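Take a walk through this structure, one contact at a time. Keep the sequence and the 3D view side by side.

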Amino acid sequence: MFQCFYLMYNYDIEILKIFIVVMDIHKWRGVMYKLKSVFIPNVALQGTELPMHVLWDSDKPLWIQVFYPPDVLEPREVYNVKESGLEIGPGYILAKDFETDGYLGMVFDSKILDDPDKEISIKIVLGESKNVFSVIERPVLLFRPLLVVTSMPKEIAIIQRKEGKISLNDYIGIKNIGKGTAILAIVPSEESEVKIAPPENLQEYIEQFFSILIRKLNELRTEFPQYSDLVGKFIEFIRSPMEKLADTENEVEEIIENLKHICETDRDFLEAFAEAFASAYFGSIYLITDIHTLLEYLNSIVANRILLLNAMSVFEIMPGNRVFKGTLVTTDVTFNKHETVNIEIIFNSKVDSVVKLPVYQIFKVDNLRNDLEGCEDDPIK
Amino acid sequence: MILLSKQFESVFSSLVGKFPDIVYHIYRAMKSSFEIQGQELMFLCPEGAQKLTIVGTYKKGLKDVTVKFPYPNIKSIKLRSIVPLVDVTNQAIRPLPRGGFELVGGKLVDGNIYGLEIEFRIENLRKLIDSIVHRKVLDEVPYEDRREYWIHAQLKNVSVFKKLFSNVVVEDLDFFVDVGVYHEVKTSIPPVFRRELEIITKWLGTTDREEKLRLSLAHLHLKRGSPSQRKHIMELLNKLQDIFLPRKFQKFIEVHKDFRYHDCIRGVDYFSAPFPTWPKYMTVVTRTNLTLENPAADGILVFKHKDFQTEIKQILNSE
């Protein structure tokens, strides 16, 4: 403090401020300390981890107290603190005794909340004995997708227009009112009259690709019997309908982790595994073009922040009234499951033959104009 | 239950097995002839190896005696004089027939400082690194206008290393950031281009001659109406695919603070059809180092989405 008074007396106050900022060293009642780095993330997806850290230099032991909202965050890991020096209270962690000075690391789990857009505050207080040196408080935005169905028709009529064009008289209105990306899957129930099938143009490719891949993977089970069970589970996984992936996320993760581990340690297996995919790809690529894939890609992006799984899969609708029963499942990009909506719609097809209606066509995003909507001259609608 | 560093120490110990004993044995053997000044452990993540460096001043005594280190998972060894900086490996290190090495002191100079570097292969590298480092990146950004992803790394345990080493480095830790690109691609593709894709797809999929004729006329109508679409569609698609190549995409990425850009690859799309498709995400690989002095690191990855969108529009001549 004496140095500060000396500077104020002899120099312009601005130079004093620059001195303090440049030195970034604090001296408080005889304790020298320097805050080297503090990290608190400013945003995070709900349901994911929030890491934090504090790095400092000090000539005396400090304590650090971290305040957080306990209804939103839960501390999971604390690094470099002795068990005897850690105090956990409602909404705070107090670290008093560090294994080595100068570092505190933490990981919090965040909960999935009803509010898709929640701002919280994290406060970190540093001090020595009874003195507080620094208080750092920062806001954190915790967000997630929230898909709402704005309109759910009881019936959708399918009308044949001239030159073989098909049009619908109604749609399912959807809107993502959260900030995260909503990944949608429409899953038919067992008793649904209307089924969902792979897109016609791509069906041959998909069948060929999987046929070759599964054959090659079964050969792998013979060649590497020690991994036969795991490869068998992987085959079951790739046979599963994509819409069911969110349900089996933990098992899928375990299979993938185990496969990764084997590939890292067994080079022969890695090469054979990669070869199985390469064979399937090269053996079927002649059936598909860049055009098909780009169209599938564009149609799967229903709107910004809404992606549709298998957008070009088709509803197979016979003439007359046919009931579709199913569920609209939403996950985020980390596959955390969010709201599900039950769907029951009567497709009233006035077309004489089976209609193959791409899944993406029954959705309409509120407040957004679809690319092809309202275009009278549209040659393909 | 909150996990502390102590719990991670036991996980780490189970993964490294006898390595601490090996380090201790090498240290003791060196101590008989060197005044040890420091030892460093470096995890070389891309190489899947760990490097032990012991620096010490050579004392008289190891003239004609050899010290054996029979460890078969040694990848490489170097012995260097620090001042002057000279590699003396060939003079003082001899490989053993069944793996490992021996250090022969005959040609070393009394009072000189030497550094012995030994590289070991690591098994279970990923698990080992996961047991000592916590890694996390932002999964997606909530703001359209500000596409900044935070990246974070921190050591789970510092004291377990300080017992044995004066320095520990975890070098070139990889972090994978999924940068969303689908919105820019979709909004940059003009409706006319998309209609053309639809027409061509239907044309390819039908065998009905009348339908094919109708679609051909529709295609012609589209091409006439839009000067920018006179280029062949396949040429445009090829150019569009190029933008996702690493050497092109990296110019839309900036990485700041403790991390640096390393590479980028097309994102693995878990929720798309099982054919090679267009990426909804690009996975950017960034790297950082952690040490005992700096056990935590944070960085920011910025995606210059407006420049990316401009590039797509230029390719499709839609601006």
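Helices (H or I, at least four residues) and strands (E, at least two) are DSSP runs, numbered from the N terminus. Axes are lines fitted to C-alpha atoms, for helices over the stretch in contact, and angles run from 0 to 180 degrees between N-to-C directions. The model is predicted: local features need pLDDT of at least 70, side-chain atom pairs count only at pLDDT 80 or more, and totals for chains, interfaces and linings use all residues. Residues are numbered from 1 along each chain as its sequence is written, chains are lettered from A and ligands numbered from 1 in the order in which they are written, and side-chain values use heavy atoms, with hydrogens and water left out.

Start in chain B. The axes of helix 1 (residues 5-16) of chain B and helix 4 (residues 125-132) of chain B come within 9 Å. They cross at roughly 155 degrees. The two helices are therefore roughly antiparallel to each other (angles over 145 degrees count as such). Which residues meet? Helix 1 of chain B brings Phe8(B), Val11(B), Phe12(B), Leu15(B) and Val16(B). Helix 4 of chain B brings Lys127(B), Leu128(B), Ser131(B) and Ile132(B). Contact here means heavy atoms within 4.5 Å.

A cis peptide bond joins Val83(B) and Pro84(B), with omega about -5 degrees. Pro84(B) lies in the loop between strand 5 (74-81) and strand 6 (86-87) of chain B.

Now look between the chains. In this interface, 83 residues of chain A are in contact with 72 residues of chain B. Two salt bridges are counted between chain A and chain B (a side-chain nitrogen of Lys or Arg within 4 Å of a carboxyl oxygen of Asp or Glu). Arg305(A) forms a salt bridge with Glu140(B), and their closest N and O atoms are 3.0 Å apart.

Glu49(A) and Arg76(A) meet in a salt bridge, at 2.7 Å from N to O. Glu49(A) lies in strand 4 (residues 49-58) of chain A and Arg76(A) in strand 6 (residues 73-79) of chain A, so the pair ties together parts that are 27 residues apart in sequence. Over all chains, the whole structure holds 24 salt bridges.

Note on methods
Angles under 35 degrees count as roughly parallel, over 145 as roughly antiparallel, 65 to 115 as roughly perpendicular and the rest as oblique.
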